[in-house]
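Subject: Handing over the structure

Hello,

Here is the structure I promised to pass on to you. Please have a look at it first, and then read on for my notes.

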Amino acid sequence: MTSRYRSSEGANSLAPRRRTVVKAAAAAAALAGPLAAALPARAADEAPAFLHGVASGDPLPDGVLLWTRVTPTAEAIPGSGLGPDTEVGWTVAKDKALTNIVAKGSLTATAASDHTVKADIRGLEPATDYWFRFSAGGTDSPVARTRTAPAADAAVPGLRFGVVSCANWEAGYFASYRHLAARGDLDAWLHLGDYIYEYGTGEYGTRGTVVRQTSPTHEILTLADYRTRHGKYKTDPDLQALHHKAPVVAIWDDHEFANDAWSGGAENHTEGAEGTWAARQAAARQAYFEWMPVRPALAGTTYRRLRFGKLADLSLLDLRSFRSQQASTASGSVDDPDRTITGRAQLDWLKAGLKASDTAWRLVGNSVMISPFAVGSLSADLFKPLAKLLGLPGEGIALNTDQWDGYTDDRRELLAHLRTNAIRNTVFLTGDIHMAWANDVPVDAGTYPLSASAATEFVVTSVTSDNLDDIVKVPEGTVSAVAAPLIRAANRHVHWVDTDRHGYGVLDITADRAQMDYYVVSDRTNANATSSWTRSYRTRTGTQKVERTYDPV
């Protein structure tokens, strides 16, 4: 998610900021203190512990990926590089008591992988609940539930996914995760990016208040830093609870690396002073695959495809590793055909997969909004805070070039492909923008609704990261009441936008329709925040258009 403010002092200004540059040696020396303080106290001779929970991900009809991190000794904290090799056993069963065991084995956790382990289990039955546990040195992890995908040729009556993005630790608590975990009806949950944030304490929007401090306290640059930050996130009880209830399907966006990342750098990276981008990118990538229950896919990235019977397939995109630098007055036009958000190979892969698909629905896990979004018609008092949220200049270019709007040739080619090949029921599932949207995806926004809609898009708001009311520091709903009608008037394909609230989505799919139920939390700064349903939108089969429906599933 694009943003250029860093601290409570700087929240009212777009003036350039200066990040704290931490030398690697100093970072290593300071590493143990902050994180050790964040973890439960342990005696030096204590048995191994599973302080970061367990998780599963990327469900297949015959298997699933299991993950944990063991802390073998007190000093073996994330990012430390310390601690002995430790044997970690795993057990999979058909019951929560683990009496009907169907698979078991062991792995070795080492400092080389930050004492994380992944077990890629096969030989399971499709569309089945399983429970699993890890063990080390006489200590057992919590028991967690996972679920396999339906068989590829199965007639599936329905699927239900939680959908989330953008969780800034310092801005609040992860109540959205807790409420999704409490449902107990999810086949899986989708994390559409910004699972972690790279900034140091107080450097990213928190409405002027750091609700809880992250670790390390400086901006993360090195492999040890990224490991430490992932470790901090995995101590959150609400995040652990959701990982314990259902498998995750995750993609990365920019903050898993650095703000506004592209293939050769990032807005939030200073080449030289903060090392090379290649080294930082490699460190972030390694830590991500160590700490997330995600299978490295094509070209070692997060673009891959999962299938859920005959009902849906899910194409997951990586829109950071291959993209050209975001357009500006200095770097060229958004319409330049030589600029790309996907890279040639990924776009060809996506097009081929959508064309070959024989499922009722084609879902696309998409980290940044594909629908066009014109903001130039907004008044200055609304445009300026929106520009701050999106990282736009206060004057001049009136669109978010970090989204597909900045790479119009790729979007044109993809949407033309959908239309030319009569590919129906394509639904983009999107995060990043810290607002909730329900959109048609028009072939030509300038003439819509007279022109066709090629697909639909459901965008979920942030778990905690600042949205418009947070930037302006007004009561929730104040900005949206004024901005939403203006945004819709300038963007006729937008059926709904909520610029102000935090929460999550629940996507429910049947053969007849795909429906997104939008939920909001009462207060991101309250660890016990409540959750309530706010709106629902659906797209009915064959229509390629969104419509409102008045009840959640």
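Below is what I found, from the whole chain down to single residues.

Please keep in mind that this is a predicted model. The protein chain has ten helices and 22 strands. It counts 553 residues, and 61% of them are buried. If you look at contacts between residues at least 6 apart in sequence, 72% of those contacts join residues at least 24 apart. The protein chain exposes about 18,700 Å², with 53% of that supplied by carbon and sulfur atoms.

Now to the nonpolar cores. Which residues have the most contacts inside the largest one? They are Phe174, Tyr177 and Trp189, in a core of 40 residues. Several elements each supply at least two residues of this core, among them helix 2 (175–183), helix 3 (223–233), helix 4 (237–243) and strand 19 (503–509). Helix 5 gives the most, with six residues. There is also a second, separate core of 33 residues, which includes Ile251, Ala312, Trp496 and Tyr518.

Setting aside residues up to four places away in sequence, Trp189 touches Gly162, Val164, Tyr177, Leu239, Leu242, His243, Ala246, Pro247, Val248 and Val249. Trp189 also belongs to an aromatic cluster, together with Trp169, Phe174, Tyr177 and Tyr233. Elsewhere, Lys234 lies over the face of Trp67, at 5.0 Å from the ring centre.

Tyr177 brings us to helix 2, where the buried residues are Ala175, Ser176, Tyr177, His179, Leu180 and Ala181. What covers them includes strand 9, strand 10 (188–191), helix 4, strand 19, strand 20 (513–521) and strand 21 (531–540). After helix 2 comes Gly184, which has a positive phi, near 75 degrees.

In helix 5 you will find Gln281. Is Gln281 buried or exposed? Its relative accessible area is 15%, so it counts as buried, the cut-off being under 20%. Apart from neighbours within four places in sequence, Gln281 is in contact with Phe257, Trp262 and Ser263.

Next, the aromatic pairs. A search of the whole structure finds 20 of them. One of these is Phe161 with Phe308: the ring centres are 5.2 Å apart and the planes meet at 70 degrees, so this pair is edge-to-face. The two residues come from distant parts of the chain, with Phe161 in strand 9 (residues 159–164) and Phe308 in strand 12 (residues 304–308), 147 residues apart. Phe161 has 1% relative accessibility and so counts as buried. Phe308, at 2% relative accessibility, counts as buried too.

Phe373 and Trp437 form another aromatic pair, edge-to-face, with 4.9 Å centre to centre and 70 degrees between the planes. This pair also links distant parts of the chain: Phe373 is in the loop between strand 14 (361–366) and helix 7 (380–390), while Trp437 is in strand 16 (residues 436–442), 64 residues apart. Both Phe373 and Trp437 are buried.

Finally, take a look at strand 13 (residues 312–316). Why can strand 13 be called largely enclosed by the rest of the structure? Because five of its five residues are buried. Both of its faces are covered, with Ala312, Leu314 and Leu316 buried on one side and Asp313 and Ser315 buried on the other. Ala312 is also among the residues of the second core.

Strand 13 has pairings with strand 12 and strand 14. With strand 12, strand 13 pairs in the antiparallel sense over five bridges, and Leu316 is the bridge partner of Arg304. Strand 12 and strand 13 form a hairpin with three residues between them, and Gly309 in the turn has a positive phi of about 65 degrees. With strand 14, strand 13 runs parallel, joined by five bridges. Here the bridge partner of Leu314 is Leu363.

Enjoy exploring it, and write back with any questions.

Best wishes

Technical notes. Residues numbered from 1 in each chain as written. Predicted model: local features only at pLDDT ≥ 70, side-chain atom pairs only at ≥ 80, totals over all residues. Heavy atoms only, no water. Helix = DSSP H or I, 4+ residues; strand = E, 2+ residues; numbered from the N terminus. Buried < 20%, exposed > 50% of the residue type's maximum accessible area, 1.4 Å probe, protein only. Contact = heavy atoms within 4.5 Å. Areas by Shrake-Rupley, 256 points an atom, 1.4 Å probe, with all protein chains shown as cover. Phe/Tyr/Trp six-rings, centres within 6.5 Å; stacked < 30°, edge-to-face > 60°. Lys NZ or Arg CZ within 6 Å of the ring centre and 35° of its normal. Core = buried A, V, L, I, M, F, W, Y, C linked by side-chain atoms within 4.5 Å. Pairing = 2+ DSSP bridges.
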